Amino acid sequence: MLDALAPDDLAWSTAAQLAAEVVAGRLKALEVVEAALARIRARDPLLNSFTAVTDQRARDRARTLDEARASGKPLGPLAGVPFAVKNLFDIAGLPTIAGSKINREKEPARQDAAVIERLEHAGAVLVGALNMGEYAYDFTGENIHDGASRNPHDLKRMTGGSSGGSGGAVAGGLVPLALGSDTNGSIRVPSSCCGIFGLKPTYGRLSRARSFPFVASLDHVGPMARSIEDLALAYDAMQGFDPDDPACVNRTPQPVTPLLGRGAAGLRIAVAGNYFKPRGAEALQAIDRVAIALGVDREIDIPQAERARSAAFLITASEGASLHLDRLRSRARDYDPAVRDRLIAGAMAPASLVVKAHKFRRWHREEVLKLFADVDVILAPATPCVAPVMGQQTFMFGDQELPVRANLGIYTQPISFIGLPVVAVPIPLSPLPIAVQIIAAPWREDIALRVAYTLEADGIAAAPRPPI
Amino acid sequence: MQRKPPRKSKHRRAKTSRKLRSRSPPGQISGRHPDSIGSFVEASARALGIPLERGWSEGVAFNLRLILRHAKLVDEFPLADDIEPGPVFYA
């Protein structure tokens, strides 16, 4: 419960705390929203998280919530919670730019993305659209059209991407909740670099309807927040079948918020070995901290993980190129050159090998599912290093020098390849945080979130408050 | 609708005695034509109708070499004929 209404308290309150205050009538939704808009005005010139602020819409929505409460109507579990979304989600009245120059010419969206509708149905209030890597083909958070998202923990550093604005806005206290998308790691990488919690649910769990795609076979959407309870509340609000997303699976929603307190006791947990063995000091320290806290001394081998990453790389290159082929023919000059070159190259990937990558995906899925007969949770690093400095081209991976743009997701890519649910939990190392992936079997987001909640309750995982 | 489980495959993976081919350096599809990528990029771009402006080919070739290196890792893994590809389409 909040004792005072100082702007700082509102900035660092969780979504659950804010909603409780609004539901109890101790805060008006409009006060919460105005405070968020003020923070965006004050801090975003530094962070460059937002590409659009939907201030009038947010005020109207907040007033509606306050009127509903005044007339005795029940409010949702996210009542009055300001949130923002990566700018590949449709927002009615705005073009869905997806980090690009080209999409700015699109007609304004006529309807919100499905997940925005569901969050607002739960009482949350959309305050804007967030910066991202162009067309989501990015792990850095840099964008030549809108400028780079900046890391609140060190403004000279990357947020990670491609949901870079989502990472910066949540870590920087602008909003308690944001939405991102994750094809190969684009929720988990910025969560790691910015020191926040991120959930990439099972492939097919949450609707992607009315979001700009990247790689249909691998695209996921999910929440990013500063607490596990907030992730769970948002995730629960967004669950449910949606025929508008062909990949969305018709499963009964399985609310996880009531299960968080069950803890990690009795769960069989192992650390991923071989390919996932950290080669950087921070990633190693983070994994060790989590393993020790959970009493884990078991290692498990995810078979053919390197090949899985390569197959994801190949499918991404090919499907991404296919999506953009017409634009590459007519508007190639309007892309970020780094993205353009990758997309054009992807168009030239041999189709026979792309199909083989999809076959390998099936093989790999079956092999990894066998592991879950013996374990409930697998731990792995989220990123190979802490947030790189802006403009940094390479990083050291053991004794190898690797390009940043393609390799920050080296540990995330094999996991999303087969659609496993993952929670990225930030470990507040000094001076910069780094995250660990809590990986569960398909459709067991509840287990991953329970483990993450335990780590948060024990003080092992936390979203550290940045010095801004 | 619940997604259908994948078909069970009798075959999993060839015996480890089937040696995997060693990796070639980036840019070599088979290891026999180390200089082919540049001309392949130009020809493919023409075939696909993508105009390559002066100075773009090098960046495209760099990325294509990277893609092919990953593709090779996939290619050299033996897979049974009856393994279905990952994507699922429901009529």
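A:Ser162 sits in the loop between strand S5 (154-158) and helix H6 (164-171) of chain A. Here helices (H or I, at least four residues) and strands (E, at least two) are DSSP runs, numbered from the N terminus. A cis peptide bond links A:Gly161 to A:Ser162, with omega about 10 degrees.

This is a predicted model: local features need pLDDT of at least 70, side-chain atom pairs count only at pLDDT 80 or more, and totals for chains, interfaces and linings use all residues. Residues are numbered from 1 along each chain as its sequence is written, while chains are lettered from A and ligands numbered from 1 in the order in which they are written.

## Another cis bond

A:Ser430 and A:Pro431 are also joined by a cis peptide bond. Its omega is about 5 degrees. A:Pro431 belongs to the loop between strand S14 (422-427) and strand S15 (434-440) of chain A.

## Positive phi in two loops

A:Ala136 is not a glycine, yet its phi is positive, about 70 degrees. This residue lies in the loop between strand S3 (125-130) and strand S4 (150-151) of chain A. Is A:Ala136 buried or exposed? A:Ala136 counts as buried because it has 29 C-beta neighbours inside 10 Å. The cut-offs are these: a residue is buried if 20 or more other C-beta atoms lie within 10 Å of its own, exposed if 12 or fewer, and partly exposed in between, with C-beta atoms placed from the backbone.

A:Arg210 is not a glycine either, and its phi is positive at about 65 degrees. Its loop runs between S7 and S8 of chain A. A:Arg210 has 22 C-beta neighbours inside 10 Å, so it counts as buried.

## Helix H8 of chain A

Helix H8 (residues 228-238) of chain A is largely enclosed by the rest of the structure, because 10 of its 11 residues are buried. Among them are A:Ile228, A:Asp230, A:Tyr235 and A:Met238.

What do the buried residues of H8(A) pack against? Their partners in chain A are helix H2 (15-24), helix H5 (114-121), strand S6 (177-182), strand S7 (197-200), strand S8 (220-225) and helix H15 (445-457). After H8(A) comes A:Gly240, with a positive phi near 125 degrees.

## Where chain B touches chain A

In all, 30 residues of chain B are in contact with 36 residues of chain A. Two residues are in contact if their C-beta atoms, placed from the backbone, lie within 7 Å. On the chain B side, the elements giving two or more residues are helix H1 (36-48) and helix H2 (57-75) of chain B. H2(B) gives the most, with 11 residues.
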